[in-house]
Amino acid sequence: AVVSTQSGHYGRDPKPDNKLTFDLLSSVALSGTNHEGDQPPHLTLKDDAVPMQRNYALFDGPEQRFCPAGVYEYVPEEEGDGYKLQINAQNCVHCKTCDIKCPSQNINWVVPEGGGGPTYNGM
């Protein structure tokens, strides 16, 4: 369950020790994920205003925590003091967690074209 920032607190993950836990980008690289640069985006928002107006305001932006590949992050606006949701679709490992866990059901996940995505070599 997503805990409202108005009613609860949750901690951040500890730094990886590189023995049992590893950094995110190294783990994504091991998945062999490949997306062509010119393909249409497979992750889109139904409403661009929802992440800040609802998800960030009520739940401290759960997208930045539920995605195991770190696809979603809140970054500072280029102008002003606010933040915006940035989608790093190239890191997506196609688990569809975002499609399931977004409290606003605002993320539209579609199958990427051309068979891109994780290969998981060696499994």
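Here are a few notes on the aromatic pairs and salt bridges in this predicted model.

1. Ground rules: local features need pLDDT of at least 70 and side-chain atom pairs count only at pLDDT 80 or more, while totals for chains, interfaces and linings use all residues. Residues are numbered from 1 along each chain as its sequence is written, and side-chain values use heavy atoms, leaving out hydrogens and water.

2. Searching the whole structure turns up two aromatic pairs (Phe, Tyr or Trp rings, the six-membered one for Trp, with centres within 6.5 Å; planes under 30 degrees apart are stacked, over 60 edge-to-face, the rest tilted). Tyr56 and Tyr74 have ring centres 4.9 Å apart and planes at 45°, so they make a tilted pair. Tyr56 sits in helix 2 (residues 50–59) and Tyr74 in strand 2 (residues 72–76), so the pair ties together parts 18 residues apart in sequence (both elements are DSSP runs: helices H or I, at least four residues; strands E, at least two; numbered from the N terminus).

3. Ring pairs also bring in Tyr83, giving a cluster of Tyr56, Tyr74 and Tyr83. Tyr74 is buried at 10% relative accessibility, whereas Tyr56 is partly exposed at 25% (buried is under 20% relative accessible area, exposed over 50%, partly exposed in between; 1.4 Å probe, protein chains only).

4. There are three salt bridges in the whole structure (a Lys or Arg side-chain nitrogen within 4 Å of an Asp or Glu carboxyl oxygen). Arg65 and Asp60 meet at 3.9 Å, N to O; Asp60 is buried at 19%, and Arg65 is partly exposed at 29%.

5. Glu78 bridges to Lys84 at 3.8 Å, N to O, with Glu78 exposed at 74%. Asp99 pairs with Lys96, their closest N and O atoms being 3.2 Å apart.
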